[in-house]
Amino acid sequence: MDITSFQQFQKIIYDKSGIALGPGKIALVSSRVRKRMHFLGIQDHRLYLQRVMEDENGEEIIQLLDVISTNVTYFYRQPDHYDFISHKLRHWMQKGQRRFRFWSTACATGEEPYSLAMKLLDSAADETVDMKILATDISLSVLQKGVEGVYEMEKLKTVPPEFRERFFNPCPTGKEPCYQIKPAIKQMVLFKHLNLSAPPFPMRGPFDAIFCCNVLIYFDDSVRKRLLHDINRLLRPGGYLFIGYSENIVRLIDDFKSVEPAIYQKI
């Protein structure tokens with residue numbers, strides 16, 4: 001991919017998704033775009049770029065963002081977060097709260113919201129509570145996988161054995177052993193397409209907690225600030241924001257206080 005083509009892809013991707021790709025990402029962009037080009041039978045990056053720029057209905061731009069988006073995820077990533085929210089849920093329930101709303105901002109193939117749903121359901125024990133999780137992502141393909149809720153055995157290595165037994169069903173015999181999320185967990189999660197770089201968002205909230213883990217690293221400060229301000233709007237007073245261990249929001253917004261590593265509370 002020549003530098004001019006890369007710069008044009010770079011601008012389109014930033015304008016449409018907020019994902020900031022530095023000059024050192026030319027090999028990554030070239031490799032990922034090539035996958036889409038191969039599917040379409042296009043040999044030249046410039047011809048594919050022209051196709052994207054002439055895309056009137058936005059469908060090809062969605063496909064471009066699909067291949068560019070990074071979807072590295074697994075069950076119970078950052079496990080301390082789930083222990084923290086489990087403790088808070090029990091505390092809220094002791095105070096009489098019975099309705100809970102959560103948001104997984106970049107849910108990828110569903111591991112994060114399903115991890116949260118399993119932990120919440122386990123923490124609620126046999127009590128009757130109303131718990132829902134909104135799971136959003138910019139990639140339509142990963143959202144579909146989340147809706148299906150089917151995972152290879154390899155993906156379940158980080159799921160506690162008792163949760164694997166309680167919350168998954170073995171798939172019908174196939175080439176590879178796989179498991180599907182049980183309906184009791186599936187019905188707690190609503191998957192929706194959302195571009196995090198384009199607030200304000202249509203949700204009304206308020207959410208008790210928002211998971212925005214390993215997302216901010218892909219944006220520049222301008223997009224980060226817009227996103228964080230709308231997250232603040234959607235969180236209830238005293239609600240919690242969870243981010244990636246390598247991320248920090250201190251210099252971006254003043255409306256949160258740090259309570260534990262990568263966990264912030266709305267002031």
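I began with S4 and strand S5 (residues 178–181), which pair in the antiparallel sense over three bridges; strands here are DSSP runs of E of at least two residues, helices are runs of H or I of at least four, both numbered from the N terminus, and two strands pair if DSSP finds at least two bridges between them. Within this pairing I found Phe168 opposite Ile181 in S5.

Before going further I noted that this is a predicted model, in which local features need pLDDT of at least 70 and side-chain atom pairs count only at pLDDT 80 or more, while totals for chains, interfaces and linings use all residues. Residues are numbered from 1 along each chain as its sequence is written, and side-chain values use heavy atoms, with hydrogens and water left out.

I then placed S4 and S5 in their sheet, which is open, has three strands in the order S3-S5-S4 and is paired antiparallel. Strand S3 (150–152) and strand S4 (168–170) are the edges, each with a single partner strand, so one side of each has no neighbour in the sheet. The twist from one strand to the next averages 35 degrees, with axes fitted as lines to C-alpha atoms, for helices over the stretch in contact, and angles running from 0 to 180 degrees between N-to-C directions.

Next I looked up the other sheet, an open one of seven strands with mixed pairing, in the order S6-S2-S1-S7-S8-S10-S9. Its edges are strand S6 (189–193) and strand S9 (256–260), and because each has a single partner strand, one side of each is left without a neighbour in the sheet. Strand S1 (residues 99–104) and strand S2 (residues 130–137) pair in the parallel sense over six bridges, and Arg101 stands opposite Lys132 in S2.

Helix H7 (residues 140–148) lies across S2 and S6, and runs at about 165 degrees to S6.

Last I turned to the domains, whose bounds come from an automatic or database domain assignment: domain 1 covers 3–68 and domain 2 covers 79–266. Nine residues from domain 1 and 11 residues from domain 2 make the contact. The two domains bury about 780 Å² between them, 52% of it on carbon and sulfur atoms, where buried area is the accessible area (1.4 Å probe) that two parts lose on being put together, summed over both. On the side of domain 1 that touches domain 2, helix H1 (3–17) and helix H4 (59–68) are the elements that give two or more residues.

Key. Contact = heavy atoms within 4.5 Å.
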